[in-house]
Amino acid sequence: MSPTFEELTVGQEIGTRSIDVTRQDLVKYAGASGDFNPIHWNESFATSVELPGVIAHGMFTMGAAVQLVSDWAGDPAAVVDYQTRFTKPVLVTDTTGTDQAGAVIDVTGVVGALDDDARTARIDLTVVAAGQKVLMKSQAVVKVS
């Protein structure tokens with residue numbers, strides 16, 4: 001059920017989510033986005049350009065994080081603005097042939113501000129992988145009924 005504006009308060013948590021990421025997810029995302037940069041799937045290439053290993057696409061991470069907000073809102077179109085800063089890459093280890101994730105992205109959303117006139121809520125996201133914030137100032141503005 002979609003939230004109503006009147007039931008929201010600044011500081012209220014909207015939810016949390018842990019997102020398992022595998023190298024297969026990155027290959028699928030590459031196909032969907034057209035971003036076939038080998039840093040997102042080829043270990044030897046990624047390390048040759050001084051990365052610690054294969055990293056998730058920034059836009060994959062950004063999109064995975066905001067899914068918490070669109071699910072909470074009940075309608076992806078309710079998200080009228082979304083911005084973030086990329087701070088750390090999400091390292092995705094090779095777990096081929098296992099059921100394990102190569103990385104886990106943890107997302108928490110909190111109501112950061114309310115605009116009475118526009119009836120919008122700014123949702124502040126905390127996005128962490130391997131104990132480090134990977135997105136900073138990650139904020140979505142949601143039109144609320």
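Modeller: A residue is buried at under 20% relative accessible area, exposed at over 50% and partly exposed in between, using a 1.4 Å probe and protein chains only. This is a predicted model, in which local features need pLDDT of at least 70 and side-chain atom pairs pLDDT 80 or more, while totals for chains, interfaces and linings use all residues. Residues are numbered from 1 along each chain as its sequence is written, and side-chain values use heavy atoms, without hydrogens or water.

The setting comes before the pairs. The protein chain has 3 helices and 5 strands (DSSP runs numbered from the N terminus: H or I of at least four residues for helices, E of at least two for strands). Their order from the N terminus is β-α-α-α-β-β-β-β. The C-alpha trace spans about 55 × 25 × 25 Å along its principal axes, and 37% of the 145 residues count as buried.

The structure holds 4 salt bridges, each a side-chain nitrogen of Lys or Arg within 4 Å of a carboxyl oxygen of Asp or Glu. Side chains of opposite charge can pair when their charged atoms come close.

Among these bridges is that of Arg 119 with Glu 6, at 3.0 Å from N to O. Because Arg 119 lies in the loop between S3 and S4 and Glu 6 in the segment before S1, this pair ties together parts 113 residues apart in sequence. Glu 6 is exposed, with a relative accessible area of 57%. Arg 119 counts as partly exposed because its relative accessible area is 27%. The backbone of Arg 119 also deserves a look: its phi is positive, about 55 degrees, although the residue is not a glycine. The loop that holds Arg 119 runs between strand S3 (103-115) and strand S4 (120-129).

A positive phi is also found at Lys 137, again not a glycine, at about 50 degrees. Lys 137 is placed in strand S5 (residues 132-143), and its relative accessibility of 51% makes it exposed.

Another bridge joins the side chains of Arg 17 and Asp 71, at 2.9 Å from N to O. Arg 17 is in strand S1 and Asp 71 in helix H3, so parts 54 residues apart in sequence are tied together. Both are partly exposed, Arg 17 at 26% and Asp 71 at 43%.

Arg 122 and Asp 124 make a further bridge, with their closest N and O atoms 2.7 Å apart. Arg 122 is partly exposed at 26% relative accessibility, and Asp 124 is partly exposed at 22%.

Beyond four places in sequence, the residues in contact with Ile 123 (heavy atoms within 4.5 Å) include Ile 14, Val 69, Trp 72, Val 110, Ala 140 and Val 142.
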